[in-house]
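Colleague: I'd like to learn how to read a two-chain model, feature by feature. Pick a helix to begin with and take me on from there.

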Amino acid sequence: MSQLIRMDRTGHTVLARWSPDDLAGTEAARAALQAELERGYLAVASEPDGSATAVRDLPLEAELVFLRRPIAGG
Amino acid sequence: MDSALGDLPVSGALPELRNVHWRRRVDESALRRADRLWTLSTVAHEVPFLITAAVLPLLAPVLAIVSVFALLFAWVIPALYAARGAGVMRPPRRRPGMSLPAEERALGLLGDLVGHDARELCARTGLAVERGRFGAWVVGPAGALLVRPGGRRVQCYCVRVADAELPSADRVAHLLLALRADEAGFATVANLTFSGARRRLRPHLAPPAREALSRARRAARA
């Protein structure tokens, strides 16, 4: 089952869980992702091999999608 | 937001690149150029002091004392640059309201993100070592070190998450995910604060960062 995880002040929060054949779960995850993107979070899909991809829509096949805050040079 | 993201030059590029649109996207040749410029800059700082130190006693032996000071400056100035670079590995001050469970939870997530080999190091030092295209990275809560291939040279980058309330391990996880998503974009967004020999940087690092640097050096030499 895939998870949408927001990295926040609590350590992290699981916002949604879905699988590609679960329509309601997928819609809920998609809505949660869009809501967080509008709040300024950025989404990254993480793969088991350690690679990651910046995404703007919910990748249904991804295992983990993280929501992170923007970074900047200090 | 979407239109700005659509303007990004490379598919999958970090969205933060739009905040530094005047910078050219970093690539291997840009990193090498930065290394050369830092070396030239160090030589330019040192040579006048070394010449002064060598010539003054020849003019008058009493000026040897000035030579000692010139040598001291020749040693101190590059050391100050290295210390500035090492500053990116300094952990941010713990905020009074930050909860320990949040830190532990964030550290657990970070441990899941890094590979099996890096997990123990991560738990012990709070730093993540990640192999990349440009070398091996040590990622901390307020910056990253890039150990270049061969392991002899290091670049220090100051880069952070714009949320002071996040747990330290969460900051590392933020930077690690950004690095994995777009290594060149990460190096472009971050500010280069030092480039030089690993042996010059190492004495200025705290023991956990030294340990992570050694691990990254091995990865960069592999």
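Modeller: Let's start with what covers the buried residues of H5(B): helix H4 (100–113), strand E1 (128–131) and helix H9 (207–221) of chain B are among the elements that do. Helices (H or I, at least four residues) and strands (E, at least two) are DSSP runs, numbered from the N terminus. Covering rests on contact, where two C-beta atoms, placed from the backbone, lie within 7 Å. Bear in mind that the model is predicted: local features need pLDDT of at least 70, side-chain atom pairs count only at pLDDT 80 or more, and totals for chains, interfaces and linings use all residues. Residues are numbered from 1 along each chain as its sequence is written, while chains are lettered from A and ligands numbered from 1 in the order in which they are written.

Colleague: Which residues of helix H5 in chain B are buried?

Modeller: The general idea is that an α-helix has 3.6 residues a turn, so residues three or four places apart point the same way. "Buried" takes 20 or more other C-beta atoms within 10 Å of a residue's own, "exposed" takes 12 or fewer, and "partly exposed" sits in between; the C-beta atoms are placed from the backbone. In H5(B), residues 116–125, the buried ones are B:Ala118, B:Leu121, B:Cys122 and B:Thr125. Looking down the axis of H5(B), they fall within an arc of 105 degrees, so they line one face of the helix; the arc is that of the directions from the helix axis to the C-beta atoms. On the face turned away from that side, H5(B) carries the exposed B:His116, B:Glu120 and B:Arg124. Just past the helix, B:Gly126 takes a positive phi of about 80 degrees.

Colleague: And B:Leu58, exposed or buried?

Modeller: Exposed, because B:Leu58 has 10 other C-beta atoms within 10 Å. B:Leu58 belongs to helix H2 (residues 28–59) of chain B. From B:Leu58 to B:Arg25, 33 residues apart along the chain, the C-alpha separation is 50 Å.

Colleague: How many residues does the largest nonpolar core have?

Modeller: As background, in soluble globular proteins, nonpolar side chains tend to be buried together. Here a core is a set of buried Ala, Val, Leu, Ile, Met, Phe, Trp, Tyr and Cys residues joined through C-beta atoms within 7 Å. The largest one has 79 residues, and those with the most contacts inside it include B:Leu110, B:Val138 and B:Ala216. Helix H6 (residues 168–181) of chain B supplies the largest share, nine residues. Not counting residues up to four places away in sequence, B:Val138 touches a list that includes B:Leu127, B:Val129, B:Ala209 and B:Leu213. For chain B overall, buried residues make up 41% of 222.

Colleague: Now the sheet in chain A: in what order do the five strands come?

Modeller: Strands of a sheet pair through backbone hydrogen bonds, either parallel or antiparallel. Pairing here needs at least two DSSP bridges between two strands. Chain A has an open sheet, E2-E1-E5-E3-E4, with mixed pairing. E2 (13–18) and E4 of chain A stand at the edges, each with a single partner strand, so one side of each is left without a neighbour in the sheet. The twist averages 25 degrees from one strand to the next. E1(A) and E2(A) are antiparallel over five bridges, with A:Gln3 partnered by A:Arg17. E1(A) is mostly covered, with four of its five residues buried.

Note on methods:
Axes fitted to C-alpha atoms, helices over the stretch in contact; angles between N-to-C directions.
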